[in-house]
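Work through the exercises below with the sequence and coordinates at hand. Each task is followed by a worked solution.

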Amino acid sequence: MSSHAVAHTHYTTTGLDNRKVAIWAFIGSECMLFASLIATYLIYKGRSLVGPFPHTEWVNEAGQTLPAILDIPVTSASTFVLLMSSLAMVLALQAVQLKDTPLPADANWWGRIQRSSKTWLLVTAMLGTTFLGFQAYEFTAFVNEGLTIRTNLFGSSFFTLTGFHGAHVTVGVLWLMSLLFIDMKRGLGPADEVSVDIAALYWHFVDVVWIAIFTLIYLIE
Amino acid sequence: MAHDVKEAARMHHPSGWTYVKVGALLTIITAVEVWLYYIPAAVASPLFNPTMLTMSAAKFAIVVMFYMHLKYDHKIFRALFTGPLVVAAITVVAFLFLFFKIKIAL
C-alpha cells in the first residue's frame, strides 16, 4: 500500500475501513427512507378520486376515455439501462483493483478493456444519464396528460417516490463524473479502491431500489 | 490486520465474466417479468403478484450479493445492511396491515 493511501485511510478496530462502514450504515438508513416512501405509495394506491390512474382507464373532464398512464415499455427500457449501469460500475471497480497486476502478454480485447477504469466509469455515468433522460421524458409525458404532483393521491405519491429516486441517481452521476475527472487527471489506482468501492455501493443501492420500485409500482396492479 | 481483511475480501471477488453472466441473468429475469405483465391470464392469476415479488426479490438479492459483494464481504457489512432492511420490510408490512385491513386467519 502506498504512503498516500496510508495517510488517508483510517481503519476501525474490526480491521475494516471506516469509510466503508459509514457507507453501509448510510445505505441501511436509506433502506428505511425508501421503505417509508414505498409504503406511502402502497397505502394511497387505488384511493385517488380523479384520474389519471396508473393501471386503469380514466375519463377526463371533456368526457374522453383515456388509457392507463404508466408506459411499461419505456420504463422496462430504463430499467434495463440501470441494470447495465450496475454491471459497468462493478467492472469499473474491478479495473481499479486490477491496476497493480501486470497485463499478460497474450491478453485479448476483453483483458485489456477490463483494466480501463475510465471506460467503465464513463459508460456507467452515461447509462445513469440515459436513465435520467427516460425519467424526464416520463415526467413530461405525465404532466402533458394531466398528471402532476397535485392532481391526485397517485400523482403525489408517485412523483415523490420516483423524484427522490431520480435525485439519488443525479447525485450518483455527479459522483461518478468526479471519479472520472480524477481518473483522467492523475489516474485511479489500487490506493483509490475504497473511494471507488463506496461510490459503487451507492450506485448499486440506487439500482436495487429501482428493482423494487419497478415491480411494486409499474408491474403489480 | 486491516490489510488482511481487505485482501481476503478481494481474493474472493468474482471474475469479470461472472459479472457479465450475472448481468445477463438480471436481464432475463426482467424480460420474464415484463413478458408476464402482457399476458392477461397471467395477470389475472392469484399467483401473479407472488411471482413478481419473488422475481424482484431474486434480482435484489443477486445485485446485493454479487455486485455489492455482500456475499464475500465482512459480516459486519451484512449486519449493517440486513438489519435496517428487515426493519424497513416489517414497517411496510405493518403499514399494509394497518391500512388495508389485511388479516391472518388463525
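**Exercise 1. State what share of chain A is buried, and describe the chain's overall build and confidence**.

Solution. Of the 221 residues of chain A, 40% count as buried. The model is a predicted one, with a mean pLDDT of 90 for chain A. In that chain, 95% of the residues reach 70 or more. Residues 1-7 of chain A are a stretch where pLDDT stays under 50; for these residues the model has six contacts beyond four places in sequence.

Next, the secondary structure: chain A holds seven helices and two strands, in the order α-α-β-β-α-α-α-α-α along the sequence. Its C-alpha atoms fill a box of roughly 70 × 40 × 25 Å along the principal axes. Among contacts between residues at least 6 apart in sequence, 74% link residues at least 24 apart.

**Exercise 2. Identify the buried residues of H2(A) and what covers them**.

Solution. The buried residues are Lys20(A), Ile23(A), Trp24(A), Ile27(A), Gly28(A), Cys31(A), Phe34(A), Ala35(A), Ile38(A), Ala39(A) and Tyr41(A). To read the spacing in this list, recall that an α-helix has 3.6 residues a turn, so residues three or four places apart point the same way. The cover over the buried residues of H2(A) includes H6 and H7 of chain A and H5 of chain B.

**Exercise 3. Describe the largest nonpolar core and the elements that build it**.

Solution. The largest nonpolar core has 66 residues. Those with the most contacts inside it are Val90(A), Leu91(A), Ala92(A), Val196(A), Ala200(A) and Val209(A). At least two residues each come from H2, H3, H5, H6 and H7 of chain A, and from H2, H4 and H5 of chain B. H7(A) gives the most, with 18 residues.

Now take one member. Leaving aside residues up to four places away in sequence, Ala92(A) touches Ser117(A), Trp120(A), Leu121(A), Thr124(A) and Val196(A).

**Exercise 4. Characterise the side of chain A that touches chain B**.

Solution. Start with the counts: 41 residues of chain A contact 42 residues of chain B. On the chain A side, H2, H3 and H7 are the elements that give two or more residues, and H2(A) gives the most, with 13. By class, this side has 26 nonpolar, 13 polar and two charged residues.

**Exercise 5. Locate a cis peptide bond in chain A and a positive phi in chain B**.

Solution. The bond from Gly51(A) to Pro52(A) is cis, with omega near 5 degrees; Pro52(A) sits in the loop between H2 and strand E1 of chain A. His69(B), which is not glycine, has a positive phi near 60 degrees. His69(B) belongs to the loop between H4 and H5 of chain B. With 22 other C-beta atoms within 10 Å, His69(B) is buried, since the cut-off is 20 or more.

How values were computed:
Residues are numbered from 1 along each chain as its sequence is written. Chains are lettered from A and ligands numbered from 1 in the order in which they are written. This is a predicted model: local features need pLDDT of at least 70, side-chain atom pairs count only at pLDDT 80 or more; totals for chains, interfaces and linings use all residues. A nonpolar core is a set of buried Ala, Val, Leu, Ile, Met, Phe, Trp, Tyr and Cys residues joined through C-beta atoms within 7 Å. A residue is buried if 20 or more other C-beta atoms lie within 10 Å of its own, exposed if 12 or fewer, and partly exposed in between; C-beta atoms are placed from the backbone. Helices (H or I, at least four residues) and strands (E, at least two) are DSSP runs, numbered from the N terminus. Two residues are in contact if their C-beta atoms, placed from the backbone, lie within 7 Å. Ala, Val, Leu, Ile, Met, Phe, Trp, Tyr, Cys and Pro count as nonpolar, Asp, Glu, Lys and Arg as charged, and the others, Gly among them, as polar. pLDDT is the predictor's confidence in each residue, from 0 to 100.
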